Amino acid sequence: MYWNPNHADDEEDSQEFVFGGREGLLALIDCADYMFDQRDDGSTNFKESLALIEAILRNKIISSEKDLVGVIFYNTEHSPAPPDEIELETGLVVPKKTAIYMPLSNPSADSIRKIMNFRESDDLFDFDRKFGHSQDSNLSDVLWLCSRLFTRCGYKLEQSSIVLFTSNDEPHPAGSYEYQQSFVKAKDLQQLDVNIVLIPMSEQFDGSKFYREFLCTVADEDPDQFQFPCYQESREPLLTRIFRRDFKKKSLSHIKWQLSDDVSLGVNIYSLSRKTKYPAKVKLLRDTNDVIVSKRSYQMVCPDDNQTEQLSKPLLPGDQRKTLSIGGEKVSFSVDEVTNMKQMLQPGIRLLGFKPITKVSPANHLRSSLFLYPDEGTISGSTVLFRTLYEKCLIKQKAAFCMLTMRRKQPSKLVALIPQECCFNEDGEPYRHNGFRIEFIPYAADMRKLDVFEKSAPEISQEQIDVFKSVAKKIKFKYHPSQFENPVLMTTYTNIEALLFDRHDLEVYDSTKPDDDRIDSKVGPFVDRIADLFGEDVTEAPKRRGKAVDGEGPSSKAPKLTADVDPVAIIEAIQSGKTGSVLVGTLRAYLQQQGVDGISKLNKADLINKIKQHHKL
């Protein structure tokens, strides 16, 4: 087995997806008459709710396919049983005026087709006869059904959420018995850590009548500081397509940061950015479409005692060695020796010293940075020590240079821990947090010197610099990483959906494509000035190849080199039958000297026969 010592031991790329828990989501749709009123565009609030649920399923099937999604109708006249009769399996009793349309299950192509076909049908599969409409549902009973579905789903849920679609801003009159029951159930949901997201399906939705106080009770927030969701802003996050997988693992590593032999603190390492991988390819059997499972095994072949046939037996990892070719010789190492050479230090962070932050140059960037935060659960008091060290480094603008070993059997990396302050965007959301940013520093052997920088730079005037400063100011734009989706990933998933659901109207929007019209309108006034300062581009037409004169010029063919021909040696070799050392080119050159034609496509044996016929040997 060959060993490649330059194999990249990248912690970020080699980190496997570790499942961190399922999320349960139940969509509650109000089915009263007012949800089916025709709007100006011909649609209804009920169909728009189904479109939003379909968008949720499309995102879930890509980002986190292990989550559970269900759909419940309330304010219905009838309560038909779901197709799989979930009441009989789990012992649930569905309240009156409520129906389970889709039980909690993993998002799949069938569930998306079910919602899509239901929404696109003319009469919603005879909805009026099968479900009907009413306005008598008790909201507390509906929420009780949701909590029972969460607890009896068969999985331990990391988060439980209810998305409520309604255009009625007052489900129960204030002071009524149903009103009081709803707030009692809201406190129960708070204790069960269940989130409720309201999607108001009307622009005239008045949250002060009921839902503001209700949502604040569930979330345990102050009503004066609570921002009530509006119609448009609550729909946009659900309609936004997500073409990335949701990694719920909280940290990459739990290690110790050793400041000295006697002082250490517990820290966690997080990855703030991660490359999104494409859907994994699965090999199928052509005839039956069965999944092919491949396994690798090493076999050692050895002859048996009778020396008649060879036997093979499995080669265990302890019996294997890795080989490296150096200077034409093979040097072998055992698996344990390779591991010991890679791992010089135990997992952890070891402090080397402090240097100014300016010593960490962006030109020496190796890979994406990580984030360091204290872990109080490993060593008590780590947060206080981490905070003290962070504030001192921030005040003095110092970076801590350390040796980082993420885990066992991995080489150590030279890193710089740079303190950073929390920053907020225009919406008040933090995009940078307090803590240490881990920047990877190259070793001396990793540095490269480029010859291109040794060339002298061309001379430019200040006027030329000023004109391009003006151009740069004109085509500036606000940037955030969320503005740009991976066009290849979007195209891949869109084509998969088009084939899966037989849709031909799906389009891909390439957010990385520049706005040429806008750039032309901004840069247009500077084109003439740039042409005057730098001159126009000279485009030369391609030159035609002329006839070669006296064997010179590009069209003349180089003369063919003839092989060294020794007629006497060729004849003696053919007569003695020792033609193994005679080349085909030599035989062909000899026949050309003898004036024999038609030999360009002959092999060696035919060339020898030609020579024998020519000399009558």
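Predicted model: local features only at pLDDT ≥ 70, side-chain atom pairs only at ≥ 80, totals over all residues.

**Salt bridges**

I started with Arg-321, which forms a salt bridge with Glu-337, the closest N and O atoms being 4.0 Å apart. For a salt bridge I want a side-chain nitrogen of Lys or Arg within 4 Å of a carboxyl oxygen of Asp or Glu. Arg-321 sits in strand S10 (residues 321-326) and Glu-337 in helix H10 (residues 335-342), so this pair ties together parts that are 16 residues apart in sequence. Helices (H or I, at least four residues) and strands (E, at least two) are DSSP runs, numbered from the N terminus.

Residues are numbered from 1 along each chain as its sequence is written, and side-chain values use heavy atoms, with hydrogens and water left out.

I checked accessibility next (buried is under 20% relative accessible area, exposed over 50%, partly exposed in between; 1.4 Å probe, protein chains only). Arg-321 comes out partly exposed at 42%, and Glu-337 is partly exposed at 37%. I also found one network, in which salt bridges that share partners join Glu-54, Arg-58, Arg-119 and Glu-497.

Then I looked at Arg-39, partly exposed at 26%. Arg-39 forms a salt bridge with Glu-48, with the closest N and O atoms 2.6 Å apart, and another with Asp-41 at 3.8 Å. Glu-48 is buried at 8%, whereas Asp-41 is exposed at 58%. I get 15 salt bridges by this rule.

**Strand S7**

How many residues of strand S7 are buried? I count 5 of the 7 in residues 264-270, so S7 is largely enclosed by the rest of the structure. S7 runs antiparallel to strand S6 (residues 253-258), joined by 6 bridges (strands pair if DSSP finds at least two bridges between them). S6 and S7 make a hairpin with 5 residues between them. S7 is also antiparallel to strand S13 (residues 370-374), through 4 bridges. I noted Asn-268 of S7 opposite His-254 and also opposite Tyr-373 in S13.
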